[in-house]
Amino acid sequence: MVSRRIFIKNMALSSAVVAAQSLLPGVLFPSASFGAAASGLTWHKTPCRFCGVGCGLLVGIDSGRAVAVKGDPASAVNKGLCCVKGYHSVQALYGKDRLRSAQMRKNGRLVDVPLSEALDAVADHFKKTIAAHGKDSVAIYGSGQWTIPDGYVAAKLFKGCLGTNNVEANARLCMASAVTGFLTSFGLDEPMGCYEDIDHADVFILWGNNMAEMHPVLFSRLLERRQHHKRTLIVDLATRTTRTSFAADKSILFEPQTDLAIANCIAYQIIKDGRVNRSFVEKHVAFKKGHTDIGYGLEDGFHFKDEATPTDFAGYAAFLEDYTPEKVASLTGVSAADLRYLAALYGDPNRKVVSFWCMGMNQHTRGTWINNLVYNLHLLVGKISRPGNGPFSLTGQPSACGTVREVGTLTHKLPHGVVMNEAARKKAAEIWQVPVENIDPKPSHHTVSMFRALDSGAIRMMWIQVTNPMVTMPKLKRYRDAAKKEGRFIVVSDVYPTPTTDIADVVLPSAMWIEREGMYGNSERRTQHFQQLVEPPGEAMSDTLQIIEVARRMGFGDKFPQDPKTHIREIWEEYRRFHDGPKHGMAPYEVLLQRPGVIWPFHEGRETKWRYHAETDPAAKGSSFDFYGKPDHRAWIWARPYEPAPEVPDREYPFWLCTGRVLEHWHSGSMTRRIPVLHRAVPEAYAELHPDDATRLGVRSGERIRLVTRRGSLEMTVAVDQRGRPARGHVFVPFFDEALLINEVTLDAYCPISKQPDYKKCAVKVERV
Amino acid sequence: MNTPVTFFQKYLLIGMLVLLMAAGVWVIGQALHEDDPDRAKTETGRMTTPPLKTTPLYQEAGVFQGRDQRSRFVDLRQAGTRRLAEYYDRRAYPGAPPYIPHPVESDMKTDFEACSSCHENGGFVPTFQAFAPVTPHAAYRNCRQCHVPQATETLLVANQWQTTAPPAIGRAALPGGPPPIPHGLHMRENCSACHAGPAAPVEIRTSHPERLSCRQCHVPAETALDFARPGEQP
């Protein structure tokens, strides 16, 4: 990646320094960046700002600035190791163009205004919009990077006070299928196990998950396990060859969308090999089927509701007859031998198996189904809820679990339960001290629908916090045009200028991460607290306080704590009341302060590392497994068929287009691209092609191609055999680059159950420029 | 020209084959055996909750780690010209993972094999006309998780980052005394990686690489405070 020219230049530069040094031996030449004195350095714990792994960091603070990072050896997540993003995370606080002042659009241009004036304008506009168009004409769109208090006050203001369910978060684009997968199979969200499973497992099966780049610290734990435990196997099931494939013991490539057939085939083979754990299945599993012709959500106003119909083991086995290895091999491109091999790994009673997945399975028009189907495998063989055995759904964002899923910042959710449930509404109204009638029993818009409503005019005003939808929405042009329509009012809280602040009417400068106090919740149900360690720049204010300030201006001041010193603690203690009890108890504030994270359910002073088994979970009844999330205390195996993707390559658009991330950049890049070492490592997006396709098209790395889909076109540089190698007939493009917006051409089809869009599959034409 | 195989040679060959097979059986047996205790451990230990670690265990773990490695060095007295300023230039702050300042073979791998061929034991690399610095944490195998090459010199937006000055050198309490260790030891337990051998920055290269127990004399400075009896000021 480093060109020889730059390298030689670097070498020349450093030899100049060396030459100067040799003139004055013993004198240390500090680089220009070494400013503050070392004397006052103190170290403070915090979870990392970036991904859902939730590494514990120690941030070095000196003279009021963050100056260094080390991994927290006391953290059970990362045990002292970070990745390059984590080590350089604190540099994201200091980009030169940090937003320090509020801005309002006047005569078409954003101009600086005092923060109080901007907050007045936001509150005023909320009141006017609701008066003119009703309560459901306003919305808030947050993210899995919201801290827990941010999401909590947002849900309370919108659902409890304003009475609208127009509360969504970008986790809909990232974790919704995982949630519906958990709910349909187990009745309760989030993994049963924890990262410690890695230290006990023999086999790791990664389903469409480039863990080496996306969850690098956990992947290092897998590699460490393999070093110390020789029979460890890592199997990479993917549509693209990546670092994970090279590091794995076996790499299996499959055709996009056919993971559904692969999972069913493994189940077929497990039954055929007689590897079903009969006593487990008889005691703890129920069999269900749902609707099969369910659509793809492409039409405005699309609606779908699934229903569970009971079936039994025989019915399920008969359903699987369509998925013999030979039939599935031709559909998936995976050999029958490899399919049997996978079944043998899952079925072997002497091997403990952990399955990992993230966006490959979640960003999928049958995302809920494929989540169900992988749970099926673990349930058939009874490898679940025990150390080293379990399906493990990884998250992408630092608090996708903690905030969006646990606080429930989704249209149908409340901090405990769903809006459709009367008891849940009553409980929320009681804790929030609002009339129960305030809480609307009908969910309104999921994310894609919310942006479509912005287009139609049903939603007039939207407040966007900690996320960058003008980079990350699929079929982007439609939703950008919608936001820019006459009569729409967009408020954006962020830390840097982005394509989303570009379309804002008001920009509020946010205090980020350690510039305020907060909590994140990671993939393994671990809640982690961080203190304010540095002052935010200019007038920047935390998202929590911004919401409280607007609530106060709208007349709801008495519903929210007002003391900036204690408000986070007060919010946490109020929020905890929703989750009281052994199934979801959260640690008290004091415990969070002391420990590098606490796994919930936290009951009577103890963490619950493995749920649904009496030996490890105080909520489980009896002496063994108890899937208490479902009324029948059983986990549900679902018969879900293979169905093709909505848009498949054809004569006109012959390639698959897949989008994703790179190790160095966090999502839309607004933070990591301002970190020198990360930007310099991957300065711009590119289109990966298979070497054979590149030869056929007559292009080489560094040359230009045009990607054309039915939504639009985009010119990019080709990368052959650099970061990854897509299969023949595939193109891969990372989405972090706001100058090369790949989402201009992606498709906004989604899983009808989870409403999560599929960013991994659409048809594209590749032209040489 | 083919020489006919003599009787004696044939027997020698057969004998060697038998020996090889025996060795193979022994090796496999060892490997299987090695596996057992670990497995037994996870089986019995799987239900117990490990105690919450309050003090990290890394403090003493690497005291003698450098010893084997040092004997593998080309020549400990061989001197490169790397300076401390260059060492810190590659890092965002003292203790940060350095970027990769040279072209890399492949961007598609975690690169342990490629990186370790030069950075595990060090030595002169003719391509770059330089001695390769040695990693102080060779056990970590996903090198590219923390170390990234630089494809460009330009920035998207300037950054106003400042960090602390690196620790001063030679802070011995007494003239000629052994200086304490001014940095954390986590992932940097192997002293000789950075302080001995030809790639060690000249300012911090030890004058006595033949001494094997570094921390017999050099101790970490864990606190800046002096001793005080309970309830009294130092």
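In this predicted model, helix α4 (residues 148-162) of chain A and helix α16 (residues 400-408) of chain A have axes that come within 8 Å and cross at roughly 35 degrees. Axes here are lines fitted to C-alpha atoms, for helices over the stretch in contact, with angles running from 0 to 180 degrees between N-to-C directions, while helices (H or I, at least four residues) and strands (E, at least two) are DSSP runs numbered from the N terminus. The crossing of α4(A) past α16(A) is right-handed, a crossing being right-handed if the near helix is turned clockwise from the far one by less than a right angle and left-handed if anticlockwise. On the α4(A) side the meeting residues are I148(A), D150(A), G151(A), Y152(A) and A155(A), and they face G402(A), T403(A), V404(A), V407(A) and G408(A) of α16(A); two residues are in contact if their C-beta atoms, placed from the backbone, lie within 7 Å.

Helix α16(A) is mostly covered, with nine of its nine residues buried, where buried means that 20 or more other C-beta atoms lie within 10 Å of a residue's own, exposed that 12 or fewer do, and partly exposed in between. The cover over the buried residues of α16(A) includes α4, β8 (167-169), α5 (176-186), β20 (518-521), β21 (526-530) and α23 (567-576) of chain A.

Residues are numbered from 1 along each chain as its sequence is written, and chains are lettered from A and ligands numbered from 1 in the order in which they are written. Local features need pLDDT of at least 70 and side-chain atom pairs count only at pLDDT 80 or more, whereas totals for chains, interfaces and linings use all residues.

Elsewhere in chain A, an unreviewed UniProt entry places the feature "binding site" at C48(A), C51(A), C55(A) and C83(A); such annotations may be inferred rather than shown by experiment. These four positions span 36 residues in sequence, yet no two of their C-alpha atoms are more than 10.4 Å apart, so they gather at one spot. C48(A) lies in the loop between β2 (42-47) and β3 (56-62) of chain A, and C55(A) lies in the loop between β2 and β3 of chain A. C48(A) counts as buried because it has 31 C-beta neighbours inside 10 Å, and C55(A) is buried with 30 other C-beta atoms within 10 Å. Not counting residues up to four places away in sequence, the contacts of C48(A) include C55(A), C82(A) and P398(A), and those of C55(A) include C48(A), C82(A) and V217(A).

UniProt also lists F735(A) for "binding site", again in an unreviewed entry. F735(A) is found in the loop between β31 (730-734) and β32 (762-768) of chain A, and F735(A) counts as buried because 23 C-beta neighbours lie inside 10 Å. Leaving aside its neighbours within four places in sequence, F735(A) is in contact with V471(A), T472(A), T659(A), I742(A) and N743(A).

As for confidence, the mean pLDDT of chain A is 94, and 95% of its residues reach 70 or more, pLDDT being the predictor's confidence in each residue, from 0 to 100. Over residues 1-38 of chain A, however, the pLDDT is below 50, although this stretch has 56 contacts in the model beyond near neighbours in sequence.

Chain B has six helices and three strands, and 27% of its 234 residues count as buried.
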